Amino acid sequence: MSVMKRVLTTVAAVATFAAGAAQAEDVRIALVVKALGIGFFEAAAKGAEEAASELGDVEIIYTGPTDTTAEGQIEVINALIAQNVDAIAVSANDADALVPALKKAMQRGITVISWDSGVAPEGRQLHLNPSSNPLIGNMIIKLAADHLPEGGDVAVLSATTTSTNQNIWIEEMTKVMGDYPDINVVSTVYGDDLADKSYREATGLMQTYPDLDAIIAPTSVGIVAAAQAVVDAGKVGQVNVTGLGLPSEMAGAIESGASQSFAIWNPIDLGYSAAMLAYEISKNGAEAAPGAEIPMGRMGSLKLDDNSEGAMADPFVYDASNIDAFKSIF
Amino acid sequence: MSLADRHIPDRLTGRGAQLLRSWETLLLLVAVGIFVLNSFASPYFLNAWNLSDATFNFTEKAMIAFAMALLIISGEIDLSVASIIALASTAMGLAMQWGAGTSELVLIGLLVGLLCGAFNAVFVTVLGLPSIVVTIGTMSLFRGISYIILGDGAFRGYPPSFAYFGQGYVFWVISFELVLFALLALLYGVVLHKTNFGRAIFAIGNNPTAAMFSGIRVQRIKFILFLLTGLMSGVAAVCLTSRLGSTRPSIATGMELEVVTMVVLGGVNILGGSGSIPGVVIAACVMGLVTFGLGLLNVPGIVMSIFIGLLLIGVIALPRLWRLWSQRRKT
């Protein structure tokens, strides 16, 4: 039966092609992402590989489903449990749906941590946040202050009045304003995370406060709109737009000079830290309990709070010197 | 194939019958082949617990695939099954928040599935609209309702006893889902191949007009088949929700295509009129084994999709190639 032979040959071909995977005594750390083919996660995988080559005896298994579904991730996790990997570091599509599968993994002695997008506490040993609210609050005002050595007036362009994240960050920013005595926050406006409304609000700010020195937009929609408004008002060089944004969307603003710098987490550092933490727990027996401090290589160490969560670092600053390297990543 | 050959076969006629008699055999050989290759390729494959885990890759889809096979044999299709799961799961989540216990949750899941099936059935059998159009519409409709109710939120906190359906084991490594899968396979196999109802489905798929003139109540049977597909989606919703322990509106996204793939891979003619339940059962196992086996080797999901796609195209092209080849030999 030639047809069947052909089918079987195909199967065999795939099987042999895949059988090349190493099975040494390495610590096998699986980096499970929301879906394959997303620049942010590809960058995180690069970071994990960096950690692996630094540690030496680590094999990184970079995997994930094709769509961002919890079911797909569960299939992937089941396959990883079956292989008896040493650690699973997951960015979850669903904080709750993965818990049964991950619990099973932990029962079989596999180290489980979540990073980026967390899993409910009972389904992981620790969660790695890219940053923390106080760090973000401090960073957004610092970004503005760094380019205003003589002080000046700044305004905040936020998302909606009810946006939890933005409100917390602005509150955290207000707490540290004492460290920046020459910086004066003149107003906070809301663009509702809509490009056109954010644009109008930014334009309005520049009209109301002709001496405005910087606009801080802790939202990826607002920061792009504000930068455009500054360009259109011909105020490049007078008003510096900063805050939180995505390198791919902000590359133009950096190039035009409307934005000197902005911040967001660095996926490479995130993948690197996740791999380091997984290694520390799995190989060196670090205990992921509240209050613990776990080293993560060049990123320092992670301090765990009562929920066994920790913040990796300050948001990473992007400016003209590094934007080209990151704009194609995410 | 001349018109005289159309005598309500449940398998393709003439030389095709020979092929199809070996169709399940061929598929079974593929399954065994994959099994053996997997055992060689990965040291973790031959392990009772791992294989048990692997069955979860196909049990829920296969439950729907049985009803879908009947529907496709009758010449219709239901592309809204995954969205029915989303809606049924959302309804269960709502009920859970209002304090429903495990048995009520199951009942609600099944009932919502049934209602969605009835909704599709009315449009197809009463209003006479093409099922592919209707169910593409309800595919967005049902999931849309879930998105309206849940937004980017989730229902969580199902009662512990509810976890049994998706995470429980009847005996050793034999999960509840696997037992249910086997029972349903048996049930659908008997209904399709051993009852008048089953014969009628084949008759409708081959020639609905002739079936009607032979006294078969075509629309009523199609109505029942849509109900069954809805009900099975409800069953799958109960199992999947129980397995995940939470509901999000994105639950089971894209599952309808995997279900149809399973049915077609099982040898059911996508144009209706022929197919078998054993074929679907083996196809379910093949898909489960392939995805799990490739998963063990950490083959990226996208390569897996390519492989399943090739398998499907190959399987559909095979009968055609066979016929061409045998005709050429005859002349």
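The domain assignment of chain A, whose bounds come from an automatic or database assignment, gives domain 1 (3-129 + 267-313) and domain 2 (133-264). The C-alpha centres of domain 1 and domain 2 of chain A lie 35 Å apart. This is a predicted model, in which local features need pLDDT of at least 70 and side-chain atom pairs count only at pLDDT 80 or more, while totals for chains, interfaces and linings use all residues. Residues are numbered from 1 along each chain as its sequence is written, and chains are lettered from A and ligands numbered from 1 in the order in which they are written.

One open sheet of chain A has six strands in the order 2-1-3-4-5-13, with parallel pairing; here strands (E, at least two residues) and helices (H or I, at least four residues) are DSSP runs numbered from the N terminus, and two strands pair if DSSP finds at least two bridges between them. Its edge strands, each pairing on one side only, are strand 2 (58-63) and strand 13 of chain A. Neighbouring strands of this sheet are turned by 20° against each other on average, direction ignored, where axes are lines fitted to C-alpha atoms, for helices over the stretch in contact, and angles run from 0 to 180 degrees between N-to-C directions.

Within this sheet, strand 1 (residues 27-32) and strand 3 (residues 87-90) of chain A are joined in the parallel sense by four bridges, and A:Ala30 stands opposite A:Ile88 in strand 3 of chain A. Strand 4 (residues 111-115) of chain A runs parallel to strand 5 of chain A, with three bridges between them, and A:Ile113 has A:Leu126 as its bridge partner in strand 5 of chain A. On to strand 13 (residues 309-311) of chain A, strand 5 of chain A again pairs in the parallel sense over three bridges, with A:Leu128 opposite A:Gly310.

In a regular strand the side chains alternate between the two faces of the sheet. Strand 5 (residues 126-129) of chain A is covered on both faces, with A:Leu126 and A:Leu128 buried on one side and A:His127 and A:Asn129 buried on the other; a residue is buried if 20 or more other C-beta atoms, placed from the backbone, lie within 10 Å of its own, exposed if 12 or fewer, and partly exposed in between.

A further open sheet of chain A has four strands in the order 7-6-8-9, also with parallel pairing, and its edge strands are strand 7 (183-190) and strand 9 (240-243) of chain A. Helix 8 (residues 220-232) of chain A packs on this sheet, touching strand 6, strand 8 and strand 9 of chain A, and its direction makes about 175° with that of strand 9 of chain A.

Where the chains meet, the contact takes 40 residues from chain B and 35 residues from chain A, two residues being in contact if their C-beta atoms, placed from the backbone, lie within 7 Å. The largest share of the side of chain B that touches chain A, seven residues, comes from helix 2 of chain B.
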